[in-house]
Amino acid sequence: MLYADRPLTAFPNVGRLSIQKKYFLHCCSSCDSNDEREQNGNIEYSKRRQLFLFLVSSGLFPTLPSIGKTKVKNPYDEKRLLEQNKRVQRENNAPDDFPSFVREGFEVKVVASDNYIKSDSGLYYRDFEVGNGDFPKSGQQVTFHYIGYNESGRRIDSSYQQGSPAKIRMGTNALVPGFEEGIKDMKPGGKRRIIIPPELGPPVGPSTFFSSKQFEVFDVELLGVKDCTRRTIGFYSDVVCD
């Protein structure tokens, strides 16, 4: 009577092992089902990802618009800016037919009359008097008067005020590239206005009166051209122009 609830078998643990085995098999079958569902889910996700990439790369899937901020260039009133430039030029006593410079950020537009000619290098020039004779050659000395202006028409330098003309030998890097280009096809007695872009302008810095990224305007009067020769006396050598 005390053992009526025990299993009637010669091996009392067999029933318990059988129950544990069934429970273990049931758990394993459940795990296999979960693994199978997870694997199927991964395969389905991979297929959807491949389809998405195919649609995007082929252009069949519409891409989302960018929401990043883009810098929009504001239109400017060129006529208003030109009127302001002319007013400033009158205040600075700029000469007649002086060019205007419309500046928008780092971009500068040169507004000049049809009397000006633009070269391939970006240099502008206008002849007031052509002159007579031959063009100066490399190694020759040129004598000229000049007046320099900035973009607003303000006078920044003048050989007339200094009381004597400038004398420079051509082809010796004594002149800024734009200035030498502007007078190399002038004739003695000629008068010309040249507009030098920053790329052909003089060096900038605290020791000069030229500003970075500024156009420079020069009125030039070519007075004469001389040949130069080198002379040597003992250990001394120099160049004489006559």
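This is a predicted model: local features need pLDDT of at least 70, side-chain atom pairs count only at pLDDT 80 or more; totals for chains, interfaces and linings use all residues.

Colleague: Is Y149 buried or exposed?

Modeller: The relative accessibility of Y149 is 4%. Buried means under 20%. Therefore Y149 counts as buried.

Colleague: How many aromatic pairs are there?

Modeller: Ring centres must lie within 6.5 Å to pair. By this rule, the number of aromatic pairs is 7.

Colleague: Which type of aromatic pair do F98 and Y149 form?

Modeller: The centres of F98 and Y149 are 5.5 Å apart. Their planes make an angle of 75 degrees. Planes over 60 degrees apart count as edge-to-face. So the pair of F98 and Y149 is edge-to-face.

Colleague: How many residues apart are F98 and Y149?

Modeller: F98 sits in the loop between α2 (78-91) and β1 (100-104). Y149 belongs to strand β5 (residues 141-149). The pair links distant parts of the chain, and the separation is 51 residues.

Colleague: What is the angle between the planes of Y146 and F179?

Modeller: Y146 and F179 form an edge-to-face pair. Their centres are 6.5 Å apart, and the angle between the planes is 90 degrees.

Colleague: Which helix does the pair of Y146 and F179 tie to strand β5?

Modeller: Y146 lies in strand β5. F179 is 33 residues away in sequence, so the pair ties β5 to helix α4 (residues 177-183).

Colleague: What is the relative accessible area of F179?

Modeller: Y146 is buried at 13%. F179 is buried too, with a relative accessible area of 6%.

Colleague: Which residues do ring pairs link into a cluster?

Modeller: Y146 and F179 form a pair. Ring pairs make a cluster of F144, Y146, F179 and F218.

Definitions and conventions:
Residues are numbered from 1 along each chain as its sequence is written. Side-chain values use heavy atoms; hydrogens and water are left out. Rings of Phe, Tyr and Trp (its six-membered ring) pair if their centres lie within 6.5 Å; planes under 30 degrees apart count as stacked, over 60 as edge-to-face and the rest as tilted. Helices (H or I, at least four residues) and strands (E, at least two) are DSSP runs, numbered from the N terminus. Buried means under 20% relative accessible area, exposed over 50%, partly exposed in between (1.4 Å probe, protein chains only).
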